[in-house]
Amino acid sequence: MNKNKYKEIVNRNTPKEECFKNGIIAFLVGGTIGALGELLLRCYMMWLNLPRKESGILVTLTFVAIASILTALGIFDVLVTKVKAALFIPITGFAHSMTSAALEYKHEGLVLGIGTNIFKLAGTVILYGVVSVYVFGLIRLLTIGG
Amino acid sequence: MTYIYAFLFCGFVCLIAQIILDNTKFTPGHITSLFVVIGAFLDVFGIYDKFVLYAGAGALLPITSFGHLLIHGAMDMAHDIGPLGLSLGIFNLTSAGISIALVLSFILAIVFKPKH
């Protein structure tokens with residue numbers, strides 16, 4: 001069997017990613033998470049008499065807590081395989097990456113397992129966030145001046 | 001009205017991420033890093049503040065707001081005490097999320113067994 005024929009067969013048999021359907025699902029689920037967050041923000045502002053900024057932080061913390069607990073129970077991984085981007089783009093993905101890394105490497109010990117691997121995936125977010133903020137911040141300080 | 005904007009904004013960000021995920025070889029790690037940088041970039045000119053104003057939590061929940069909060073804390077502190085504030089204030093607003101995520105994931109990792 002020559003290479004071209006092999007390629008043809010592989011192309012025919014690989015399952016087609018349903019881009020359109022995945023996109024719609026991501027949009028709907030992501031949007032629902034956003035709207036739920038807004039509802040929660042209003043509730044916190046009303047019940048706890050907090051200013052908008054603090055309620056925003058509290059909403060983030062709530063979603064982090066929910067995502068961590070769902071990950072530990074093993075539910076989050078099932079959900080991620082179904083809706084993908086809608087769950088790792090909100091802050092839930094950040095919490096999920098930490099908890100799943102901690103659980104996965106637990107058997108290697110407290111320090112060498114959990115300690116060294118907890119930032120395995122979340123580390124990229126922090127690294128590139130901080131580096132880009134330094135670059136952009138310096139540019140803004142030098143041009144506009146703060 | 002804020003609910004609709006929150007739905008549209010958060011959904012739109014997730015839609016872009018899903019399109020990138022399906023059509024390129026980028027992994028979720030690449031995409032989240034990219035989105036954090038985009039969020040930080042948008043806030044240099046105060047564009048992301050407008051999104052937060054109109055979409056509320058819809059703009060605070062996607063990972064782009066992580067970059068936005070990082071540069072917001074850094075620039076606020078830099079405004080008060082000069083260029084050194086950039087390093088002092090960078091984690092001011094995001095430390096709550098990071099520390100809670102760390103503490104919770106540590107406790108949960110101790111308590112629960114990994115599922116396979």
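Trainee: At what angle do helix H2 (residues 28-44) of chain B and helix H5 (residues 64-81) of chain B pack?

Mentor: Keep in mind that this is a predicted model. The axes of these two chain B helices, H2 and H5, lie 6 Å apart. The angle at which they pack is about 45°.

Trainee: Which word describes how H2(B) sits against H5(B), and what hand does the crossing have?

Mentor: Angles under 35 degrees would count as roughly parallel, and 65 to 115 as roughly perpendicular. The angle here is about 45°, so H2(B) is oblique to H5(B). As for the hand, the crossing of H2(B) and H5(B) is right-handed.

Trainee: How do the residues of the contact of H2(B) with H5(B) divide?

Mentor: From H2(B), the residues that meet H5(B) include B:Phe35, B:Val36 and B:Asp43. On the H5(B) side, B:Phe66, B:His68 and B:Leu70 are among them. The contact divides into 9 nonpolar, 6 polar and 1 charged.

Trainee: Which helix gives the most to the side of chain B that touches chain A?

Mentor: In this pairing, 58 residues of chain B are in contact with 60 residues of chain A. Helices H1 (2-23), H2, H4 (57-60), H5 and H7 (95-111) of chain B each supply at least two residues of that side. By type, the chain B side divides into 43 nonpolar, 13 polar and 2 charged. With 17 residues, the helix that gives the most is H1(B).

Trainee: How far apart are the C-alpha centres of domain 1 of chain A and domain 2 of chain A?

Mentor: The domain assignment puts domain 1 of chain A at 3-92 and domain 2 at 105-146. Between their C-alpha centres, the distance is 22 Å.

Terms used:
Residues are numbered from 1 along each chain as its sequence is written. Chains are lettered from A and ligands numbered from 1 in the order in which they are written. This is a predicted model: local features need pLDDT of at least 70, side-chain atom pairs count only at pLDDT 80 or more; totals for chains, interfaces and linings use all residues. Domain bounds come from an automatic or database domain assignment. Axes are lines fitted to C-alpha atoms, for helices over the stretch in contact, and angles run from 0 to 180 degrees between N-to-C directions. Helices (H or I, at least four residues) and strands (E, at least two) are DSSP runs, numbered from the N terminus. Angles under 35 degrees count as roughly parallel, over 145 as roughly antiparallel, 65 to 115 as roughly perpendicular and the rest as oblique. A crossing is left-handed if the near helix is turned anticlockwise from the far one by less than a right angle, and right-handed if clockwise. Two residues are in contact if their C-beta atoms, placed from the backbone, lie within 7 Å. Ala, Val, Leu, Ile, Met, Phe, Trp, Tyr, Cys and Pro count as nonpolar, Asp, Glu, Lys and Arg as charged, and the others, Gly among them, as polar.
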